[in-house]
Amino acid sequence: MAAEDDETKTTGLIGTSAAGSAALFPVVASTPQAPSAAPRLFPSFLSASTSSQLPITNGGSQQRPAPEWLSNSSFSESLLPPPLPSAPSPVPASFPGADAVKEDLSKTGPAEQLQESVLSSDVSSSADEDAERKLAERKRRKKKKRRKREEEERKAEKRRKKESAEDADTRKIGALDSSAVERKSAVSVWADLNESLPKEYYFDSRGDRDNLAFGSLYRMDIARYKRQDVFMGPQGFCGQPYRRRKTFLDAEGDGIVQDEVMKNAGRYWAPKYSSLERKRKMRHLSVYKDRLRSKSHHHGIPSLEEFIPLEVEEAPKDASSETEKRDAGETWQEYVTRKTREYNEQTRERPHDESLWISFANFQDELIQATDKKAVVQQALEKKIAILEKALHLHADSEDLLLLYLETCQRRDTTGALVSKWEDAISRHPFSFRMWREFLRFRCSQFSTFSVSSVRALYIRGLQALSAGRNRLQTKGEMEDDNDARYVEAEQALVSMFVDLCRFNWQAGHHEQAVGLFQAGIEYSRFAPPIQLTESNKVRLFEAFWNSGAPRIGEDGALGWATWLEKEEEQVQRARELNLSSEVESEQESGGWTGWSEPEKESAADETLVDGEIADMGEDAEADADVTMEEQEEEDDAALLEKLGLSLDPGKEVEVNDTSIWKRWSEREAQRDREQWLPLRTKHANDTLEDMAGDDEGEELERIIHFEDIKECLFTLHSKQGLSSLVCQILDFCDGPLGEWCCSNSWSYRSPMESLEALKGSLLAVISNSTREDTSKKLTLVDLVGDSPWYEKSHGGASFLRNAFNLVRTVFPHDRLLLKGLLQAEDLASKETGVTADNMSASRALGKKLLKIHRQDLSMWGAYASIEAAAGNIATARKVFDTTLASLGALPKDVQQDAPVLYLAYAELELARSSCDNCAEQRALHILCSLGSGSGFSPQLYSDGIPATLLLKAQRGFREQMQRVRVNDRGNLSARGAAMITCAALCELLTTGWEAAASVFEEGLAMTLPGKRQESLECELLLLRYVKMLENLRPAAKPVRVRSIISRGLMDYPLNAKLTGAYIRSASQSGMSHKLRRFFDDASKRNPSTMLWLFALSCELWRPGAGPRIHSLFERALDCKETRQSVLIWRCYLAYELDVASNPDAARRVYFRAIHACPWSKSLWTDGFRKLGCVLSAKEQSEFVDIMREKELRIRTDVYEILLEDAENEDMT
């Protein structure tokens, strides 16, 4: 900012002073011979009501000098209007037309005034024609002047009212004392154009009493500025001198006039300016950082670092002439031409830069979005495809370019052409999980060609291709061991594809197929016998296990494939021994060879034949009886249907005209889905499909999973990460209480989130906690699409989950998550069956049983103590922790390394009770000091508090332990290291303060490199503990600090639901709904996901008048490529239109769009039968059932059953 001398030679930044001042409003007329007095300033607030109190004289009377308190030396005589002439006037100064009367008197002499009065008094006495003519002329002039005077008076009155509107009250104050104020002495620095000042601005800290007298700052006290043009310097744009414009903040402007200008012209968001921005001839400016710096440095402008920086982009490295042309702005056509020319030049210079080709192709999207003309859109689309085709010639192996090309072709090509292009792309990249995933998404989105069997065949092809790619790494010898990074990534991709296949079968209604695949995958990969077998021999051996009828994982009595094989071998060996012993005994009794066969055997054979014939006759009789019963049942059904006007003739179509029947049908279908999910077994182990096809169990044939159904989906896993991922994903699919088992950035976490059909589990809890408390009387997202876990609503689901946890624990005996999940699943199963163990919870009984076997397992002790604490037995939990920590010295060294995890669990238990127990923090600090000092744990507390020496020793010990963690973990934080860092932070929190604890957390998070931090589960859990600590200390920790830490965490883990919920709580408590909306808008552009859209919707549902915003969120979510096939968002949209917006017609449209986008979801199809009976006719619902059968969705109930039940009820009544 620079000071300017606008109209005078010297202008003060603080103000100016004058030697004297003239009277502003003189109200006394004096004679010309009166001696001149020093002019004094009279207050400008005087009106007609106060003018009568002033001394007004005529003729030679003189004005009395004004008192000193009315003087103000800050005004200049040059600013005052010229004084009025001194003439006697009987008219008061406050008369409305005083100024005009004085003007007339000054122009007319005394004689003319006298003659005018005489002529006006008696016109008829004069006979002179000239006098009459002059009198008429004077009357006309007088009338004209009067009209003019009245018009001027009206204008002057309006001006005075405007000027005195704001300062009417403050002008009645006057000066505070009679002492004259010398303003010039108070000015420290005076600005001049030719003088360079050491600073650009000064602060006026000395008060001015005249501000109270006049109600505003004196205009010369306000520093005059001109706009600093950061583009071209002080001379203005392109070397042109800067012309000052009156702005809304001009001190000399009229406030009322400024308001009118603002109303008429509008601000930059006004409609006329918005429409102007959309015009193609509008010139736009591009602001670049380095250009601003260079211009500022060249013209001597202050550095931009002294101002608030703009979010501007870096300047391109192009010619200076082009840069100068661009400084004047460019139209839309010039911008497109320039960018196209730049991209063409860059692609010729760097043809092997893949990102450059992608940027060039994405630039065409700007052209598509800028117009609504189909011809222009089609032209830009063709150009984008041509660019990508040329790029693929140079980068044939690029998956990014290929996926972008296929996505662009979807807007132009037909379905057949797209399928052929996808097949060609898959043949180029057969081992890419990403390509297979996108190909399957594309096939599922094509409603016309979708069927369950075709998509299932594609999944099997993908599994076999990924398995071959994994085996290829082994044969080439490109990996060091089974834990090689590329090998682990290949196996995790294989597991993700397998789990996606199981989830697809489940959502299509084929529950038995999904559960059978789960069982086969875990049995074949994790419970295989520990013998060296080829893959073909292993498959043949597994077929014997599958067809044997032995219990599989999750079923009662399941032992695993390997254990079953051992027992089978034992039985076979035992049978062989028995056969050998019986043969030896028979040989000893007979004494050798007995000769040929004796004739008695023929009679025995005849007896056997007779018995067989009798048995066959009995079976035939039973079969005839069964046939007779079936015929009788069919006749009864036919009679009942005839009463309803229906027929069993397959050639005739049955029409159901009552929509309530279809609603009952959907309820019955949902009930059978909850009951029929476990695969059935054949009656005999050797039964085949042909043997069962003639049975009366034809309807249950689909519930039996044969080996041929799962044979092509079998694969072997070798890495520990792959096996753990398979087990955890299957347990998580069953809604098992597993906790955080993988990083939120992995596909193993994102895939289940994007495939949700209902809001449940941990996501439901987080969204419920992040919602405001005043939503109790309004519908929330939980009310619209919330659902209970699978094991609660499925028949036998909790027992299946308990059996699965119990069998998996034998494979991962020291996994804390599996142990905790097992104990919780035991409680769930006991509630389902209603069986408890001697007034003790099933989990506590199981925990005690396991502790007797695994007495040195610290994870088992910690899980059991947590279960006791959750049950409310705090004393028992403390006793378990005290006993375990006190006996750590007797355990092996490798077991003692897990001690920080146990110390942390104990300390968190005590801190959680700090609100209701005054000694809880003392006990927690004692536990942490025992870990930090390394002196061993003692259950006895200090009576006088913890000694200061022990505290110092503990703090020093924690610093040494953190250095050891930094060295041992080597940039990859482990669970032990994260527990040690958390204990150190909690110790600092209880001793020093929360800022010291925050610094410890920051140091711990900095131990991992940014690239590895985004893939580390332990870093994510450490960050969650950090945020939780700050939320609990909210009065001390500023909300801005909390939000900044959460925002930084969301940059690394954008899909973490707990971090997003914490940000919503922080922003909601601060009343920052606008920032919350901006946060969701920005995050949805960077990393769109189903979880993010659900959080955004949950924050808007309770707000009144948020309907347009909610519709916008739904449409944006369903227009996004990542979430357009989210079943949960479609179901939420449908429920919102019905239950909140109360718009059934809109719900009908949403339903049609939903089944077209997600044709595999049976839950989405049945929502129409349950909720849209008022807008869907019975015929339409009947057609929907036919389409579901055509798409091969699993339907377990026939509508004839509902009709027969109604007929039977009518007969009984």
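This is a predicted model: local features need pLDDT of at least 70, side-chain atom pairs count only at pLDDT 80 or more; totals for chains, interfaces and linings use all residues.
Helix 4 covers residues 129-163. An α-helix has 3.6 residues a turn, so residues three or four places apart point the same way. Lys-148, which also belongs to helix 4, is exposed, with a relative accessible area of 57%. Together with Lys-143, Lys-144, Arg-146 and Arg-147, Lys-148 forms a positive surface patch.

**Salt bridges**

Side chains of opposite charge can pair when their charged atoms come close.

| Pair | N to O distance | Burial |
|---|---|---|
| Glu-555 and Arg-681 | 2.6 Å | Glu-555 buried, 13%; Arg-681 partly exposed, 27% |
| Arg-1109 and Glu-1100 | 3.6 Å | Arg-1109 buried, 16%; Glu-1100 buried, 2% |
| Arg-1131 and Asp-1167 | 2.7 Å | Arg-1131 and Asp-1167 both buried |

Glu-555 forms a salt bridge with Arg-681. Glu-555 lies in the loop between helix 19 (535-547) and helix 20 (561-590), whereas Arg-681 lies in the loop between helix 22 (659-675) and helix 23 (689-693); the pair therefore ties together parts that are 126 residues apart in sequence.

Arg-1131 and Asp-1167 also meet in a salt bridge. This pair links distant parts of the chain, with Arg-1131 in helix 48 (residues 1127-1140) and Asp-1167 in helix 50 (residues 1162-1171), 36 residues apart.

The side chains of Arg-1109 and Glu-1100 are likewise joined by a salt bridge. Glu-1100 counts as buried because its relative accessibility of 2% falls under the 20% limit.

Beyond these pairs, a network of salt bridges links Glu-512, Glu-669, Asp-673, Arg-703, Lys-1162 and Arg-1196.

**Positive phi angles in loops**

Most residues other than glycine have a negative phi. Asp-735 is not a glycine, yet its phi is positive, at about 60°. Its place is the loop between helix 25 (720-733) and helix 26 (747-754). Glu-1192 also has a positive phi, near 70°, and is found in the loop between helix 51 (1178-1190) and helix 52 (1199-1212). Glu-1192 is partly exposed, with a relative accessible area of 33%.

Notes:
Residues are numbered from 1 along each chain as its sequence is written. Side-chain values use heavy atoms; hydrogens and water are left out. Patches are made of residues with over 30% relative accessible area and no salt bridge: like charges are joined within 9 Å, nonpolar side chains (Val, Leu, Ile, Met, Phe, Trp, Tyr) within 5 Å. Accessible areas come from the Shrake-Rupley method with a 1.4 Å probe; for residues, only the protein chains shown count as cover. A salt bridge is a side-chain nitrogen of Lys or Arg within 4 Å of a carboxyl oxygen of Asp or Glu. Lys and Arg count as positive and Asp and Glu as negative; His and the chain ends are not counted. The place of a charge is taken as NZ of Lys, CZ of Arg, CG of Asp or CD of Glu. Helices (H or I, at least four residues) and strands (E, at least two) are DSSP runs, numbered from the N terminus. Buried means under 20% relative accessible area, exposed over 50%, partly exposed in between (1.4 Å probe, protein chains only).
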